[in-house]
Amino acid sequence: MIKQAVSPQEIKDRKLYANMGLTDHEYDLIANQVLKRKPNYTEIGLYSGMWSEHCSYKNSKPVLKKFYSKSSRVVQGPGEGAGIIDIGDGKGIVFKAESHNHPSAVEPFQGATTGVGGILRDIFSMGAQPIACLDSLRFGEIKNQNDSYFISQIVAGISAYGNCIGVPTVGGDVAFDDAYSKNPLVNVMCVGLMDLDKIKVGKAAGVGNSIIYVGASTGRDGINGASFASSQFDSEHESQRSAVQVGDPFTEKLVMDACLEVINNHPDALVGIQDMGAAGLVSSSAEMGSKAGGNGMTLDLDLVPQRESGMTPFEIMLSESQERMLLCVRAGHEQEILDVFDDFGVQAAVIGHVTEGSNYKLIHHGEVVADVPVDSLASDAPVYHRESQVPDRLLHASNEQFDPQVKDLEATTNKMLAQPTIASKHSIYETYDTQVQTNTVVAPGSDAAVLRVRGTNKALAMTTDVNGRYLYLDPRVGGQMAVAEAARNVVASGGLPVGITDCLNFGNPEKPDQFYELDQAVMGMTDACKLFDTPVISGNVSLNNEFDGQAIYPTPMVGMVGLIEKLEYITTQDFKGTDDLIYIVGKTGNDFNGSEIQKMLTGKVSGKLFDFNLDTEFSNQNKVRTAIEAGTVQSAHDLAEGGLMVGLLESGFGHEVGFDVTVNLTASQMFAETQSRFVVSVSKKQQSAFEKIMGNAATLVGQTTSDGMVNITTSDNQLKLSIKDAKKTWKGALECQMK
Amino acid sequence: MRFAILSFPGSNCEYDLLHAITDVMGETGELVSYKGGSLNEFDAVLIPGGFSYGDYLRGGAIARFSPIITELIKFARTGKPIVGICNGFQILTEAGLLPGTLLTNKTAKFICKPVKLQVQNNQTMFTSEYQFGEEIELPIAHGEGNYFCDATTLKELEENNQIAFKYAENPNGSVDDIAGIVSKSGNVLGMMPHPERAVEELLGSTDGIRLFKSMIENVMSRGIVYD
């Protein structure tokens, strides 16, 4: 570790800033334009953290501006700890997603726990009670025990943190592809519920008001984690464990309960509150000052609770120790707030004040160790407009759709059910407490998780979705599909999509073809968000997901929340009993490029992505929702990976209900992944009411039966199997591969 | 009926219990801090699930040194009902109010899912509303729910009819499939499954209601007289 003793001249001469992720251009900007002097070691450290992609969005800002982020329901859009959507009855839902890809890659258990901890803090810092977490995970194929150990550790980390803190982990999605083998994606979304009159934001205003540090002591963990998360991996630097932090959910629970007590019962004393996430103390404090209109601030680092001796100002400011919050408290009310934390057994200390002017000043051992304009850290980072270029693979993609040639329908079906991306994820989600807080109406396993909203007749549907293979073949259309699939899951559960959060997981934006993917994906998502009126209210950007120069598939995770206006509308994917009619909503085409069956049969995905029509999607979704709200639907299930075959069987698995289905499709088309489709079951007495609503959007294909057998007749093939046997294959496959 | 619901740092099911008691059962429930205070005014005590003190040591091992435990032991002597659920069960065994201990699940993983239980004894003040041998469904959610006791203790449990619930399909490795036991005197129940999570049709099961109803019936209606 380089010590503080390094002089400003040495930093310049030896280009020490480069080790922290700053470029020559950025150094010159700081020295010549912002400070008009050479920054010292602490100051250059502050800039390295704050100007990292993780904190400044310097490469992604121009792209993020394209997002649709306003609707009549949006109370708080992007820019705060989390966004807020008004759901009526004086209540708001608060949600955001965060990635912990890099930390999880080097230390799976702790990487995953701190991801959960960080996103929880973003939610309760807004004044909301966290009510649910969802996890979106992408792993490489499971090839050996190392892979399964790695996956188990990520899952165990998620489970350990969420279970202990008492927030149910109710959903998410998991997919496997070699594209993620050295760079897994660990994205976590948290949803909170609040009374709208209790909103708090992260700002430090009012000269003389105090800055109070709350929570765990600061240690030498996760120093410069934000810069670490903004760099690429390669085989030479695979183990960077020093940049990873350790999670302590018990402490976080106390911090959370105490902060909510302050927010709810001491509103007059509290000016602002923010979590100490990426770039720790410097980002939380500088952002709070900057958001208050460029307020100055002085912090005395000797007052910061420290668990190690001899920490330098650089280490104190850049540490990403977990379970810490920063509060701005009205002068004179300090003791009142300190007493609350004391009562909960949580450490808290006044460490500084809001000052006149706009300078951000740090004192250490009585000396000023940093003195810079607050906005230069928090809001005036450079912004780069990166060059965009269509990747070669897209220019030369074949227009022809892959032709699967399914001869043995039973063998293909069984093999499909055992694909890790398709197989049941129960062995994962059963390790999560899905029910604590007793609001979970629909637990993991259906299209979206559903939680009731106490004190109302409403419920919330929530889901995470994205298929990176589709984006790999067409970033823009794939981006549309990611939002569309999330909305389809919400609709199938009886909800109206009301907003999204995202984790934009991409490669290196400095490479024009990878920047193209990011830019196009965001435009695609925006196309869909505008049509569905689902604004992006929060999110996170995770760039440089590369290993040895090989990027992951472009994977913008979409976390969507839907509002279910009445509890009666809640719908699940399972067939409910015998003699219900089965309908397919939407038309099926020869859509195989990027599909699970292409991957299964050829080992990769290729070609031009199949066509997608957003208007058809929107229309089909609206019809299904109308049919659900009219009470005509027994079950509804979104069709996605694995197509109609997987969708039908999954509908039967829940209650082990067999069915007879005859389709005017080939056996291959049973696996086509044409978008905008649902499987819906309807009781016979609702047949005419349902058909009236659906018009020609739905096709009657068969009905559920009582003998537990699945009979599927295609135009060129026949399948007969027992639903129990098929379920056994599907349910046991992942566990078996994890052994 | 007045229920005390104990709350330790790290408890996370206390509000679920409070909701079940007040909103669903229509009784009076109050949270009581681990820091102490009298339990004299209460008719029953419930100890919730969660991760008291983070469970970084052994489930319930630190909570048992809380001031409220002294009060709880006094309360147990009065013969009034005490129920420990999940972490509450762990606290009861650590505090010596119930025999045995809860080990890590045999899978070494946390398990959350609905499980089938058999009512092994419907002669207790917690189970009288169930049928003997009846199969009910309650959710479990624990990492350390593997009930263990030595052979002598197990024999005693059986002879005294202290086994209240058994798992139909043992999920965690518990000795003799035990899911819940009562104390020798019959007024302390410890169980790993969560009855408070099964009191509303909307959430999937109402089999937990009869546990609370049994307590209310036995204490209020039948007028059990305490020592």
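Let's start in chain A of this predicted model, where helix H10 (residues 249–265) lies across strands E7 (210–215), E8 and E10 (324–329). The helix runs at about 155° to E8(A).

Those strands belong to an open sheet of 7 strands in chain A, with mixed pairing and the order E8-E10-E7-E11-E9-E12-E13. Its edges are strand E8 (270–275) and strand E13 (367–373) of chain A, each of which pairs on one side only. From one strand to the next, the twist averages 20°. Within the sheet, strand E9 (residues 296–300) of chain A runs parallel to strand E12 (residues 359–364) of chain A, and 4 bridges join the two. One bridge to look up is that of Met297(A), whose partner in E12(A) is Tyr360(A).

Now for the meeting of the two chains. Here are the totals for chain B and chain A:

| Interface item | Value |
|---|---|
| Residues of chain B in contact with chain A | 24 residues |
| Residues of chain A in contact with chain B | 27 residues |
| Area buried between chain B and chain A | about 2,100 Å² |
| Salt bridges between chain B and chain A | 3 salt bridges |
| Polar contacts between chain B and chain A | 11 residue pairs |

Carbon and sulfur atoms give 58% of that buried area. A salt bridge joins the side chains of Arg197(B) and Asp433(A), at 2.9 Å from N to O. On the side of chain B that touches chain A, the elements giving two or more residues are helix H1 (14–24), strand E6 (111–119) and strand E7 (135–142) of chain B. The largest share, 3 residues, comes from E6(B).

As for confidence, the predictor gives the complex an ipTM of 0.95 and a pTM of 0.95. Chain B has a mean pLDDT of 95, with 97% of its residues reaching 70 or more.

Note on methods: Residues are numbered from 1 along each chain as its sequence is written. Chains are lettered from A and ligands numbered from 1 in the order in which they are written. This is a predicted model: local features need pLDDT of at least 70, side-chain atom pairs count only at pLDDT 80 or more; totals for chains, interfaces and linings use all residues. Side-chain values use heavy atoms; hydrogens and water are left out. Two strands pair if DSSP finds at least two bridges between them. Axes are lines fitted to C-alpha atoms, for helices over the stretch in contact, and angles run from 0 to 180 degrees between N-to-C directions. Contact means heavy atoms within 4.5 Å. pLDDT is the predictor's confidence in each residue, from 0 to 100. Buried area is the accessible area (1.4 Å probe) that two parts lose on being put together, summed over both. A salt bridge is a side-chain nitrogen of Lys or Arg within 4 Å of a carboxyl oxygen of Asp or Glu. A polar contact is a pair of N or O atoms within 3.5 Å; within protein, one must be able to donate a hydrogen and the other to accept it, and residues adjacent in sequence count only if both atoms are side-chain atoms.
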